[in-house]
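Try each task yourself before you read the solution.

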Amino acid sequence: MLLEEHHFTAPQRASPRLLSLSLASRSEDLQWMGGTSSKGPNDNRELLSTLPVTPRSGRDLLRGLADTRGRVGRRITACESMWRGLWTLVSRAARGPHSPRPCTRQGSGYPAPGSGATIFALSSGQGRCGIAVIRTSGPASGHALRSLTAPRDLPPARKACLRLLSDPRSGEPLDRALVLWFPGPQSFTGEDCVEFHVHGGPAVVSGVLQALGSVPGLRPAEAGEFTRRAFAHGKLSLTEVEGLADLIHAETEAQRRQALRQLDGELGDLCRSWAETLTKALAHVEAYIDFSEDDNLEEGVLDQADSEVRKLEVTLGVHLRDARRGQRLRSGAHIVVAGPPNAGKSSLVNLLSRKPVSIVSPEPGTTRDVLETPVDLAGFPALLSDTAGLREGVGPVEQEGVRRAQKRLEQADLILAVLDASDLASPASCNFLDTVVIPAGAGNPSGSHQRLLLVLNKSDLLPAGRSDPHPDLPSHLLLSCLTGEGLDGLLEALKKELAALCGDPSTGPLLTRSRHQHHLRGCLDALGQYKQAKDLALAAEALRVARRHLSHLTGGGGTEEILDIIFRDFCVGK
């Protein structure tokens, strides 16, 4: 760390806040500006937002530096030698004589749960399998590997080696397995890690787990504890952790693509770029507060900050107006199959889900309640709901089913309106067209249109040679649930509708959780307060609040309760 990089000969144009931020970001161990002390590698990220507003003290400080820069220069030279030597000794002691260069990525600021303990767990699935993976993480991982493979030494780092595993208490052989040694910080968790690739029989897995439990300093891992340690050591941001959880639970192609992109850090990188924009705007405002009376201050400083804030407002607004596409992609779009009785709704649900979800009967009113089933439609997740036929119920049970069906229609992301193609003139079909199909196409007074696909079922009952017997109807699809004719066209139409509802993961990062929307909305609200602020100090505080929301989104802030909610969805061993 060379202090010659900081020039003090012409500091009058720089804000003391900017100078402090520069020193803090370039030297984590030497923070003499303002008497602050270094608390850790992550404390400097919020330095700009925590310094108090002192419009005049910054100028006085820099003038004092300019008047005594000769003495300061001599002191810096002496301090430089002392701190450089001390920092070298501390770094070598922390790394050890043969340890690799430490990871430069900063941690989350949260201590790893159970710091100092070594954890172990089965990371592959339960049950019989060809290979089962058991892994450890913590300072005693190397000792555990030596205990199970004694008298052999540790294998080369990140290279698979075949070793005989034995019980450290009795010496009884357990299995012949592949072992991998990952010394920290170049591992998934940032700690020393070991992986045992053993045969997947229950007896083998149980024996190895019991042997690890007998090693002093080891304990079974809790759900999500490996990933939480990776987050605490800066290996993963909070959005990447969420992407990893979504990847584990992904059931469709679109979910896999979206989760993989989030795991690669696209959403986190986007949020960090927004935070950098806010940092620059805040720097301009602070410079104007401290040096507005100086002739050397560049013109248009506040105008430049306002321009950056306006551009960011537009960008955040676009992401917040995505109509929950990312959340639908993660949890599934809600598709409601509705129509008059005996139109073939249950047959269509069974056809799309490829299993007998609903009872099919020629008797009208068979379905009395809402039946739901998750399905994969053209690579997109969906929750398919079969509802009761919409008509005046002949009994209280059917009337309740109709009421529930109408309520689900109001909550639907997409309506599959089903009519009997051979019975369109019936009163029930006409009433359904007038009350559901036409209003959905026309939209509500607010201007939003509820997505609807009109399907004319039982096309096999139409006279031969009449491909479209009802040209006066709204746009529709012909289908025969009996023969499957028209199913490909319906699936293609559903794919287009679901792509619009859930978004395309290849176009950019999506907001997959309500937590993302909450913090972006808070950031946008703070930017609105910045624009309305009459005082520059209040405007600067609004920018700090906006930056804080972005920091919470990627894991730079927050509470333990939020982290517990996120990590509890992980399985043991991940």
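**Exercise 1. How many bridges join S4 to strand S5, and in which sense do they run?**

Step 1. Find strand S5 at residues 193-200; five bridges join S4 to S5, and the two run antiparallel. Strands here are DSSP E runs of at least two residues, helices are H or I runs of at least four, and both are numbered from the N terminus. Two strands pair if DSSP finds at least two bridges between them.

Step 2. Look at the loop between S4 and S5, where Pro 185 sits. The peptide bond joining Gly 184 and Pro 185 is cis, with omega about 5 degrees.

A word on the source: this is a predicted model, so local features need pLDDT of at least 70 and side-chain atom pairs count only at pLDDT 80 or more, while totals for chains, interfaces and linings use all residues. Residues are numbered from 1 along each chain as its sequence is written, and side-chain values use heavy atoms, with hydrogens and water left out.

**Exercise 2. Describe the hairpin of S3 and S4.**

Step 1. S3 covers residues 161-166 and S4 covers residues 173-182; they pair in the antiparallel sense over six bridges.

Step 2. At one of the pairings, Ser 166 stands opposite Pro 173 in S4.

Step 3. Now the turn: six residues lie between the strands, and Gly 171 takes a positive phi near 75 degrees.

**Exercise 3. In what order do the six strands of the open sheet with S3 and S4 run, and what packs on it?**

Step 1. The order is S3-S4-S5-S2-S1-S6, with mixed pairing.

Step 2. S3 and strand S6 (218-220) are the edge strands, each pairing on one side only.

Step 3. Ignoring direction, neighbouring strands of this sheet are turned by 30 degrees against each other on average. For such angles, axes are lines fitted to C-alpha atoms (for helices, over the stretch in contact), and angles run from 0 to 180 degrees between N-to-C directions.

Step 4. Helix H5 (residues 141-149) packs on the sheet, and its direction makes about 75 degrees with that of S3. Helix H6 (residues 202-213) also packs on the sheet, at about 150 degrees to the direction of S5. Contact means heavy atoms within 4.5 Å.

**Exercise 4. At roughly what angle do the axes of helix H13 and helix H16 cross?**

Step 1. H13 (residues 345-353) and H16 (residues 487-502) have axes that come within 12 Å and cross at roughly 75 degrees.

Step 2. So H13 is roughly perpendicular to H16; the cut-offs are under 35 degrees for roughly parallel, over 145 for roughly antiparallel, 65 to 115 for roughly perpendicular, and oblique for the rest.

Step 3. Leu 348, Leu 351 and Leu 352 of H13 make the contact with Leu 487, Leu 490, Leu 491 and Leu 494 of H16.

**Exercise 5. How are helix H17 and helix H18 oriented to each other?**

Step 1. The axes of H17 (residues 514-532) and H18 (residues 536-554) come within 8 Å and cross at roughly 170 degrees.

Step 2. That crossing angle makes H17 roughly antiparallel to H18.

Step 3. Among the residues that meet are His 519 and Leu 527 in H17, and Ala 546 and Leu 550 in H18.
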